[in-house]
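Subject: Model handover

Hello,

Please find the structure below. My notes on a sheet and a pocket follow.

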Amino acid sequence: MKYILHIDSSTKVCSIALSNGAQLLELIETDSEKLAHSEKLHVFIEECLKKAGIKPANLSAICVSKGPGSYTGLRIGVSAAKGLCYGLSIPFIAIDTLEAMADSVQSEVEEGTILIPMIDARRVEVFCSIHQNNNTLAKVHARVLDEKPFTELEGKKGYYFGDGAEKAIQYMPLSFTFLKNQNTSAKNLISLAWKKFENNDFEDTAYFEPFYLKDFKAGKPKKVLK
């Protein structure tokens with residue numbers, strides 16, 4: 001048995017999955033506007049293992065969604081993964097969040113279809129990448145939709161999805177379809193994580209950092225009226 005615990009905290013979805021090889025065993029997740037990762041993540045990990053009847057010592061590896069996404073969410077998820085890997089002396093696996101989203105949809109669409117996973121980067125900006133037949137046509141990048149719409153895809157067909165996709169509707173070619181309810185989830189990591197596990201493709205736990213893509217900018221505190 002090769003039990004792998006998967007953590008995705010890259011967006012407002014807090015998601016934990018447990019797999020045996022490439023098979024999903026348990027999934028616990030919640031979608032909260034309040035970004036409840038600090039409250040829910042460790043609780044979900046305990047619940048997930050308990051439901052499966054698995055002890056932490058039985059785990060063979062920890063996998064985390066490495067970003068891009070929420071700065072705070074990624075920090076919490078990666079910190080939790082590192083702590084488990086150190087405590088259990090097991091390998092650390094990291095998966096590109098957008099690649100995992102595209103991989104989860106690939107089997108549901110026609111061959112040759114273009115896939116564009118999107119993560120909300122606030123305002124009219126998204127983190128995205130472009131995929132076709134399990135190949136990456138455009139690497140992960142931040143795109144300001146009203147400055148650089150997807151005109152390079154005119155005349156082609158495909159799908160776009162994720163929590164940043166709805167605000168991209170007016171900027172997409174008419175030949176592209178918006179897929180609803182296709183967001184980040186720890187279950188999306190399983191297939192790619194298992195391939196990495198079989199190939200011993202692990203991260204250096206001590207030096208690994210999330211893929212933020214953009215520098216963190218703290219919001220300005222609101223003025224208090226006296």
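In which sense do strand 6 and strand 7 pair, and over how many bridges? Strand 6 (residues 114-120) and strand 7 (residues 125-132) are antiparallel, with five bridges; strands count as paired if DSSP finds at least two bridges between them. Ile119 has Phe127 in strand 7 as its bridge partner.

On provenance: this is a predicted model, where local features need pLDDT of at least 70, side-chain atom pairs count only at pLDDT 80 or more, and totals for chains, interfaces and linings use all residues. Residues are numbered from 1 along each chain as its sequence is written, and side-chain values use heavy atoms, with hydrogens and water left out.

The open sheet has five strands in the order 8-7-6-9-10, with mixed pairing. Its edges are strand 8 (135-144) and strand 10 (176-179), each pairing on one side only. Helices (H or I, at least four residues) and strands (E, at least two) are DSSP runs, numbered from the N terminus. Helix 3 (residues 97-106) packs on the sheet and touches strands 6, 7, 8, 9 (158-161) and 10 (contact: heavy atoms within 4.5 Å).

The lining of the second largest pocket has 13 residues, with Lys66, Ile95, Asp96, Glu99 and Lys196 nearest the centre. A pocket is an open set of points on a 1 Å grid over the protein atoms alone, where a 1.4 Å probe fits, with protein on both sides within 12 Å along at least five of seven lines; lining residues have an atom within 4 Å of a point. Strand 5 (92-95), strand 7, strand 8 and helix 4 (190-198) each supply at least two lining residues.

Regards

Key: Axes fitted to C-alpha atoms, helices over the stretch in contact; angles between N-to-C directions.
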